[in-house]
Structures are given as C-alpha cells and as structure tokens.
Amino acid sequence: MYFKFITYLKFLIKSTNQHGVHSPFVFNYVTKCLYSKQKWDNVKSINILLKSITYFDYNTMELWENHDLKKLLNTHFPNIVMGTTMIDLLYAEELRIDELKHLLSEGKFHYNSMIFINSIHQTPEKQELWGKLVELPMITVSIDMFHCGVLFIRKEQVKEHFTIRI
C-alpha cells in the first residue's frame with residue numbers, strides 16, 4: 001500500500017494533461033479518446049481499454065491472462081476477433097521483454113497496433129518491467145497513465161514517452 005501511494009505521488013508530479021503533449025498522434029488520442037466523457041466501465045484501466053478499442057476501431061485482439069475481460073469484450077464488441085495472425089491490440093497483465101520480442105519477430109503488429117499493459121505500478125517488479133519495455137528501441141511511443149500503460153510501434157515517429165493524468 002505504501003509503495004503504491006508513493007508511486008502515485010511521483011506520478012502526479014511528473015504527469016501532464018493534453019497541454020504537455022507535442023505529438024499530434026498522442027494529442028489526438030488524449031483529447032478525443034482518453035478525455036472523452038464516454039464511460040464504459042467503472043474500472044479506470046478497463047474504461048481506457050474499451051475507449052481505445054472504439055477510438056482506433058480495432059478489430060483483432062490478443063488477450064493474455066484475463067478471461068473475465070473476454071466476456072466483457074464480447075458483450076461490447078461482439079465482432080472483435082481474438083487470436084489472429086495480425087494483432088490490432090494486445091492486452092496483458094504483465095508482458096516480459098522476451099515475449100514482446102518474440103511477437104515482434106513473428107510480425108504480429110502493424111503500424112497502429114497498441115500494446116496495453118494493466119497495473120504497471122502495482123508492484124516494484126511490474127514498475128521496473130514497464131520501464132524496461134519503454135526503453136526498448138522498437139517502442140516509439142509509450143504512455144504511462146498510472147493505472148495502465150500503452151505502447152506503440154510507430155516507425156515514422158521519434159521515440160517519446162508521456163506521463164498523462166486521466
């Protein structure tokens with residue numbers, strides 16, 4: 001409990017809103033999606049996930065470790081296809097570097113694919129792993145929203161990390 005409280009205070013000090021974002025891609029994502037009034041779920045990270053699926057119009061998804069979420073996704077997005085060769089969105093409670101590198105080597109992601117990681121500040125280990133994922137050279141856009149984090153592999157974009165209050 002103490003760890004999460006201190007981590008949240010550090011997050012608040014570092015974080016910004018849309019006014020601190022200079023990337024048009026991230027600015028649009030923050031203003032048109034994350035800050036939209038639409039509310040899908042009471043859990044912040046799940047609400048962000050569902051809003052992101054709608055915003056990016058994702059059709060394919062890989063879901064790791066959360067079978068309850070699969071039921072919720074099927075309710076809201078009955079046409080979304082799980083476990084295909086090309087992934088629009090990967091959801092994970094935890095993602096190891098070797099797992100991500102393996103998926104990348106298989107060519108599973110495309111230009112607008114999102115990697116969504118839940119509870120990135122839950123434990124010191126998850127926070128450290130998140131930091132290592134952000135540092136990977138192939139990750140060009142990373143957004144820390146405290147409750148979750150998203151990674152993008154956008155080859156034309158300069159590497160940037162954002163800490164956004166939602």
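Start by selecting glutamate 94: this residue is partly exposed, at a relative accessible area of 28%. Here buried means under 20% relative accessible area, exposed over 50%, and partly exposed in between (1.4 Å probe, protein chains only).

A note before moving on. This is a predicted model, in which local features need pLDDT of at least 70 and side-chain atom pairs count only at pLDDT 80 or more, while totals for chains, interfaces and linings use all residues. Residues are numbered from 1 along each chain as its sequence is written, and side-chain values use heavy atoms, with hydrogens and water left out.

**Stop 1**

A salt bridge here is a side-chain nitrogen of Lys or Arg within 4 Å of a carboxyl oxygen of Asp or Glu. Arginine 96 is partly exposed too, at 43% relative accessible area. The whole structure holds three salt bridges.

**Stop 2: arginine 154**

Now select arginine 154 and glutamate 156. They form another salt bridge, with the closest N and O atoms 3.1 Å apart. Buried or exposed: which is arginine 154? Arginine 154 counts as buried, at 6% relative accessibility. Glutamate 156 is partly exposed, at 48%.

**Stop 3: helix 6**

Select residues 124-135, which make up helix 6. Helices (H or I, at least four residues) and strands (E, at least two) are DSSP runs, numbered from the N terminus. Check the length of helix 6: twelve residues at 1.5 Å a residue should span 16 Å, and the end C-alpha atoms are 17 Å apart, which agrees. The expected span is 1.5 Å times one less than the number of residues.

Next, show the side chains of Lys126, Leu129, Trp130, Leu133 and Val134, which are buried. They cover an arc of only 140° around the axis, so they sit on the same side of helix 6. That arc is taken from the directions from the helix axis to the C-beta atoms.

What covers these residues? The cover includes helix 5 (97-105), strand 4 (109-118), strand 5 (141-144), strand 6 (148-152) and strand 7 (160-163). Contact means heavy atoms within 4.5 Å.

Turn to the face away from the buried side. Glu125 and Glu135 are exposed there.

**Stop 4: a bridge within the helix**

Stay on helix 6 and select lysine 132 and glutamate 128. Their salt bridge has its closest N and O atoms 3.3 Å apart. Both residues lie in helix 6, four residues apart, about one turn. Lysine 132 is partly exposed at 40%, and glutamate 128 is partly exposed at 47%.
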